[in-house]
Amino acid sequence: MAARSVSLIPFSYLPLSKLGSRKECCSLPFLRLELNNEILGKCVAGAENRLVCVRKRRPSTTVYFMLPTAKPARDPTNGIPKWSARAIKSFTMAELEARKLKYPNTGTEALLMGILVEGTSFASKFLRNNGITLFKVREETINLLGKSDMYFFSPEHPPLTDPAQRALDWAVDEKIKSGKSGEVTVTHLLLGVWSEKDSAGHKIMALLGFDDKKAEELAASMDGDVALSTA
């Protein structure tokens, strides 16, 4: 097992007698006992019968509340619908899939994979019921776009391609056009990918049997009927 390095806090060593209950610690030689403290972090008792406090390492995570938009004039406090939690998770998984394939950008194909990785939305279940799985989409993505250089490392948040950005904005626009309250869902996102006719995501969906008829069927199950824009 690989050793984990930690950084020491500039605190003095504390004798175990200061800890309180003797049940929490032991002074036997060479025994290491880890304690948790909200202020000091992780505490390790060692052979010298002293306590060393080290800083906790928390994983770096990014929490999205709104997804990127090419329309900065939009004000989410002025009636602009918010994205659902599943849609945000799908977007996060899309970035991860782009990084797994070592692509420099998050494209519509990555959005499609992200929807399938999230897996719990109506849209993802609809795809799987129609034979469109993550494995097939990933395979078609590599066939269409090729493999990246093995020595290339994607950025932590691969920027969106233009078609992927338009797909996100399309989803929000369609929700606004519906005139109904609620959130922008994964279904909106998937249909946004389908709306980009020349994108990799659209081509892959078409190759795997998705068509306009299925798009209309999916749209009909999304907050009522939705008229798909062709512009």
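Modeller: What follows is an account of the salt bridges, beginning with the chain as a whole and then moving to the helices around them.

The model is a predicted one. Its protein chain contains eight helices and four strands. Read from the N terminus, the order of elements is β-β-β-β-α-α-α-α-α-α-α-α. Of the 231 residues in the chain, 39% count as buried. Among contacts with a separation of 6 or more, 64% are between residues 24 or more positions apart. The accessible surface of the chain amounts to about 14000 Å², with 55% of that area belonging to carbon and sulfur atoms.

The count of salt bridges comes to five. One of them joins the side chains of Lys100 and Glu97, with N and O 3.3 Å apart. Both residues belong to helix α1, where they are three residues apart, or about one turn of the helix. In an α-helix there are 3.6 residues a turn, so residues three or four places apart point the same way.

Because Arg138 lies in helix α4 and Glu97 in helix α1, the pair ties together parts that are 41 residues apart in sequence. Arg138 is partly exposed, at a relative accessible area of 26%.

A further salt bridge links the side chains of Arg166 and Glu196, at 3.0 Å from N to O. Arg166 lies in helix α5 and Glu196 in the loop between α6 and α7, so this pair ties together parts that are 30 residues apart in sequence. Arg166, at 43% relative accessibility, counts as partly exposed, whereas Glu196 is buried, with a relative accessible area of 13%. Returning to the former group, salt bridges that share partners join Glu97, Lys100 and Arg138 into one network.

Leaving out residues up to four places away in sequence, Glu196 touches Pro163, Arg166, Ala167 and His202. Pro163 is 33 residues from Glu196 in sequence, yet their C-alpha atoms are 6.3 Å apart in space.

Helix α4, which holds Arg138, also deserves attention. Its twelve residues, 134-145, should span 16 Å at 1.5 Å a residue, and the C-alpha atoms at its ends are 16 Å apart, which agrees. Just after α4, Gly146 takes a positive phi of about 85°. Thr141 has its place in this helix and counts as buried, at 0% relative accessibility. A polar atom of the Thr141 side chain lies 2.8 Å from the backbone oxygen of Val137. Apart from neighbours within four places in sequence, Thr141 is in contact with Leu101, Tyr103, Glu109, Met113, Gly146 and Ile204. Glu139 is also in α4, but counts as partly exposed at 39% relative accessibility. Glu139 and Ile204 are 65 residues apart along the chain, and 9.7 Å separates their C-alpha atoms.

Trp83 touches, among others, Met66, Leu67, Leu168, Val172 and Leu189, with residues up to four places away in sequence not counted.

Of these helices, α6 is mostly covered, ten of its ten residues being buried. They include Thr187, His188 and Ser195 as well as Leu189, Leu190 and Trp194. The cover over the buried residues of α6 includes α1, α2, α3, α5, α7 and α8.

In summary, Glu97 in α1 is paired with Arg138 in α4, and Arg166 in α5 is paired with Glu196 in the loop between α6 and α7.

Technical notes:
Residues are numbered from 1 along each chain as its sequence is written. This is a predicted model: local features need pLDDT of at least 70, side-chain atom pairs count only at pLDDT 80 or more; totals for chains, interfaces and linings use all residues. Side-chain values use heavy atoms; hydrogens and water are left out. Helices (H or I, at least four residues) and strands (E, at least two) are DSSP runs, numbered from the N terminus. The expected span of a helix is 1.5 Å times one less than its number of residues. Contact means heavy atoms within 4.5 Å. Buried means under 20% relative accessible area, exposed over 50%, partly exposed in between (1.4 Å probe, protein chains only). A polar contact is a pair of N or O atoms within 3.5 Å; within protein, one must be able to donate a hydrogen and the other to accept it, and residues adjacent in sequence count only if both atoms are side-chain atoms. Accessible areas come from the Shrake-Rupley method with a 1.4 Å probe; for residues, only the protein chains shown count as cover. A salt bridge is a side-chain nitrogen of Lys or Arg within 4 Å of a carboxyl oxygen of Asp or Glu.
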